[in-house]
Structure formats: structure tokens, C-alpha cells
Amino acid sequence: MSVPTIVVHRDADVLAKAVAARIITRLVDAQSATGSASLVLTGGTVGTATLAAIAATPARDAVDWPRLDIWWGDERFLPSGDPERNETGARRALLDQVDVDPERVHVMLGPDSGLTAEEAADAYATEVRKAARPEDHGPAPSFDVMLLGMGPDAHVASLFPGMPALYDTRPVVAVHGSPKPPPTRISLTLPVIQASREVWVIAAGEEKSGAVRLALSESGPVQVPAAGARGRGRTLFLLDRAAAGKIPPGLGRIASP
């Protein structure tokens, strides 16, 4: 796994715009090299603001949207169209405004599908496995970019401290009893996160600063899930100044644009 690089921006607004620019550049590079690209989305305030920033810039037209696979790191197990679903926010902020191929937008199903959370997780795991190629050397694709938000408790996706999902080696799991509502969710697991080419952890706000410090320390991922959020080739912690406020000197490599 890669050693994190820390990039600090002035505030949450600048952070969202800077991450948007990075995403566009990375997707264009991946498509130039292989003809397609894959992006795993996150929810949350900054994650959704980042998607809106992509939609707002003319540079978005540099991305070949029909040749992009869109995935989610986690989803709240709620009906399609529910405003609390990560998918709903992503469609409103970006996906409904660009020419994505519906067949390449990989949605985690909700209860309106008639499936239980476990069945929906298994269905998503099947999609993930089908997308894996021989060169990925595993049951999941090496996603080009996986975006992850992080909570004040250092959770990423719907992997919360001390919960059974952190021990699970399946690609996708159902999460019950989430400490953050709603209680039932679907999430990718740490092995899939760590198989990604690049993992970008995005965090803003002083309330995240303690979690950021722990995630960049020697903490284990069972108690600090974000400590396990590492990409195979590259890991970025993309932060605003408030979230970076408790990072000790010498942890990772810090670049402040």
C-alpha cells in the first residue's frame, strides 16, 4: 500500500474545487492511456460539493463521459430517489448533467428493489467481480480513483470503528446498526478499497482534525478505519486547513497549494 501524501487547501470551498480539477485531470489521463476510466463516488457535504464543482467547470468536457464507469463506496439502504441516498445527491450534482452511459453507472440497490440489504450487497458484489480483469489480480477492479469521505469517528464508506464489516473479506457487505443514521447500509470493504489504484480521502472542518491525525498515525483500521484507506499506487489526503490542524510534523508529505 502507498504512503499518504497530504494536500492542504485554504477552506472547504477551495478544497472541493481543487479536488474537482484533480478528478478531471486523472480521468482524462486514464482514458488517454486505456480508453476508459473508473471512479468511485462518496457522499457527504464535500463529496457532493466536489461533484457540483465538476459540473460547473467547462473543463468537464475534457472527460469522455460515456467511457466512464461510476461506482459508489457505500450507500444508505433507502428507496431509489430518497434524498438521503448518495446516488440521489450525485445525480443532482453531476450525473444528470453529463452524458454518462446508464449501463456504466453501477448503483447499489435499495429496499424498493425487493431485495434485502444482504441480497443487495451480494448483487453489487457480483457487479464488482464481473468488472475485474485478469490484470487486477483479485475479485475487484483496480479502480482508477476511489473517493472517500471521512467522519469525525474516522469511518470511511460505511465502515465504522469496531464493527464486523472491518473484518469482512467479501467485496461488498450489508452493514446493520450503523451509529450514524440510517442504521442499514451497503459498503465496499477494505480489501476493495486497498485494491484501488488511487484512494483519495477528502475531509473538511475542525471536527475531522482528530480523525485525520489518527488516520495518518500507526493506528489499526479496526478502531480507525481511515487508517486502512490506502491505494495500491497512490493515497491522497485532501484536506482543508481546519481538518489538517492536528497533523503532527513529519506525518506523510504535506503540500499546500
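**Entry 1: the second largest pocket**

I began with the lining of the second largest pocket, which by class has seven nonpolar, four polar and seven charged residues. For the classes I took Ala, Val, Leu, Ile, Met, Phe, Trp, Tyr, Cys and Pro as nonpolar, Asp, Glu, Lys and Arg as charged, and the others, Gly among them, as polar. This is a predicted model: local features need pLDDT of at least 70, side-chain atom pairs count only at pLDDT 80 or more, and totals for chains, interfaces and linings use all residues. Residues are numbered from 1 along each chain as its sequence is written, and side-chain values use heavy atoms, with hydrogens and water left out.

The second largest pocket holds about 270 Å³ of space. I used a 1 Å grid over the protein atoms alone: a pocket is an open set of points where a 1.4 Å probe fits, with protein on both sides within 12 Å along at least five of seven lines, and lining residues have an atom within 4 Å of a point. Grid points are joined across faces, edges and corners, and the volume is the space filled by probe spheres set on the points.

I listed 18 lining residues for the second largest pocket; nearest its centre lie S36, A37, S38, R133 and D144. Two or more lining residues come from each of α1 (12-34), β2 (37-41) and β3 (68-72). Helices (H or I, at least four residues) and strands (E, at least two) are DSSP runs, numbered from the N terminus. In this lining, α1 has the largest share, with four residues.

**Entry 2: the largest pocket**

I then turned to the largest pocket, which has about 580 Å³ of space. Its lining has 32 residues, and G43, G44, T45, R76 and K180 are the closest to its centre. I found at least two lining residues in each of α2 (44-56), β4 (74-76), α3 (86-93) and β8 (198-203). The largest share, six residues, is from α2. By class I noted 12 nonpolar, 11 polar and nine charged residues in the lining.

**Entry 3: helix α2**

How far apart are the end C-alpha atoms of α2? I read 18 Å, which agrees with the span of 18 Å that its 13 residues should have at 1.5 Å a residue. The expected span is 1.5 Å times one less than the number of residues.

Which residues of α2 are buried? They are V46, G47, T50, L51, A53, I54 and A55. Buried means under 20% relative accessible area (1.4 Å probe, protein chains only). These buried residues pack against α1, β2, α3 and β8. Contact here means heavy atoms within 4.5 Å.

**Entry 4: charge pairs**

I counted 16 salt bridges in the structure. The cut-off is a side-chain nitrogen of Lys or Arg within 4 Å of a carboxyl oxygen of Asp or Glu.

R26 and D144 meet through their side chains at 4.0 Å, N to O. R26 lies in helix α1 and D144 in the loop between α4 (117-131) and β5 (145-149), so this pair ties together parts that are 118 residues apart in sequence. Both R26 and D144 are buried.

E198 and R26 also form a salt bridge, at 3.0 Å, N to O. Here strand β8 holds E198 and helix α1 holds R26, so distant parts of the chain, 172 residues apart, are linked. E198 has a relative accessible area of 9% and is buried. R26, at 17%, counts as buried too. Salt bridges with shared partners join R26, D144, R197, E198 and R234 into one network.

R85 and E87 make a salt bridge at 2.8 Å, N to O. Both residues are buried.

**Entry 5: backbone**

Which peptide bond did I note as cis? It runs from P181 to P182, with omega near -5°. P182 lies in the loop between β6 (172-175) and β7 (185-188).

I noted A154 for its positive phi, near 75°, in a residue other than glycine. A154 sits in the loop between β5 and β6. At 1% relative accessibility, A154 counts as buried.

A157 has a positive phi as well, near 50°. The loop between β5 and β6 holds A157. A157 is buried, with a relative accessible area of 10%.

Terms used
Buried < 20%, exposed > 50% of the residue type's maximum accessible area, 1.4 Å probe, protein only.
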